[in-house]
Amino acid sequence: MNWPNHVEKILSKLDIALPIIQAPMAGGFTTPELIAAVSNAGGLGSIGAALLTPESLCEIIQATRALTSKSFSVNLFAPLKYERSEEKIQKINEIMAVYRQELNISPSITADIKQPISFEEQLEAVLSEKIKIISFTFGTPGSEILRKLKNHQIIVIGTATTVKEAILLEKLGYDIIVAQGSEAGGHRGTFLDSFENSMIGTMALVPQMVDAVNIPVIAAGGIMDSRGLEAAIILGACAVQMGTAFLTCPEAGTHPKHKAAILEGTEEHTKITSVFSGRPARGIRNRFMDEMEKYQNSLPDYPLQQSLTSSIRKKAAELNREEFLALWAGQGIRLSQSKPAAQLLLELMSRLTIFNKTNNK
Ligand SMILES: Cc1cc2nc3c(=O)[nH]c(=O)nc-3n(C[C@H](O)[C@H](O)[C@H](O)COP(=O)(O)O)c2cc1C
């Protein structure tokens, strides 16, 4: 391929052949099979590790290494401060009791509020496995942690939803930034301004961010095929990070009902909601999202709401009740396909019109 210089640079920095990153997606989506398929095909596979215990994180890393000798990255959520309001917890539990009843889940809800998994222990697990590329979303861990990662010669990738966030990450010493546009599926990475003010589309965000920082920018949000990839590169991005496009691959750990909803979904079906976790995220509208919408402003903070809905989502998955699942997906869903990851990457490359080899002649 005749990639421009800014793309070539990141390919050599990340030791990959193609400027395509399979987005880290916490929640069992990024199986070793998916990650390895992407990395083996020349892209960068990523483990969405934020919800994993250190033990399962190590297991997934090892299982992935058994399938590929190529590099892949690990992603964690930067630790967040949150307020625990017993009043909000009680109120929302009363509201969600109807769903528990419908799904036959015990009403003893306080047991549902789990302690978040220790970020420090997750990080230790990543270091012990000698991972070379780490990415973060939801902000940034403290400077001491960043220093430690640098001392281990780890490439650190941050997530920014505004130019201001990108500038801060660059100042803190990040190596690369993912520009997450408002089209993106899953949780918003916003950490400085309000979520509302930080809903910038990928097309607008990428060139403004590229102009404002000197480190490479990866475009994310709504990129599903070779057109999106080439557009992002022309806007100045050095690679793309695609989430939704990989959720429907046979290798992904996505629930079959979730896959079906993406394959059948169209661009007007997704919405930003906090009702599943207490933090804004984009997913396909369903009954839980619609009915809970009126309580958006009285939800307990992330990750409390996430814990409170976990048994509902788990039972719904067992029962194939997609109306209670968090059907995370981006606005590009009409373009989704159910092809193996390697084939998806192959197609992305073969359909390039601007950066393909023949244009070079
Ligand atoms: C199911 C799902 C889970 C996600 N989980 C994470 C995550 O754990 N960490 C992260 O940095 N980004 C996460 N994201 C966001 C992606 O990194 C990326 O910004 C997004 O998928 C890009 O938009 P697209 O889905 O339109 O490709 C997730 C996205 C989806 C769809």
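User: What is the radius of gyration taken over, and what is its value for the chain?

Analyst: The radius of gyration is taken over C-alpha atoms. The model here is predicted. With 361 residues, a compact globule would have a radius of gyration near 21 Å. The value for the chain agrees with that, at 20 Å.

User: What does the C-alpha trace span along its principal axes?

Analyst: The trace belongs to a chain with 14 helices and eleven strands. Along the principal axes, the span is about 65 × 45 × 40 Å.

User: What percentage of the residues in the chain is buried?

Analyst: A residue is buried if its relative accessible area is under 20%. The count runs over the 361 residues in the chain, and the buried share is 56%.

User: Among contacts between residues at least 6 apart in sequence, what percentage joins residues at least 24 apart?

Analyst: A contact means heavy atoms within 4.5 Å. Of the contacts in the chain between residues at least 6 apart, those joining residues at least 24 apart make up 69%.

User: How far apart are the mean positions of the positive and negative charges?

Analyst: The chain has 36 positive and 37 negative charges. Their mean positions are apart by 3 Å.

Conventions: Residues are numbered from 1 along each chain as its sequence is written. This is a predicted model: local features need pLDDT of at least 70, side-chain atom pairs count only at pLDDT 80 or more; totals for chains, interfaces and linings use all residues. Side-chain values use heavy atoms; hydrogens and water are left out. Helices (H or I, at least four residues) and strands (E, at least two) are DSSP runs, numbered from the N terminus. The radius of gyration is taken over C-alpha atoms; the globule rule is 2.2 Å times the number of residues to the power 0.38. Buried means under 20% relative accessible area, exposed over 50%, partly exposed in between (1.4 Å probe, protein chains only). Lys and Arg count as positive and Asp and Glu as negative; His and the chain ends are not counted. The place of a charge is taken as NZ of Lys, CZ of Arg, CG of Asp or CD of Glu.
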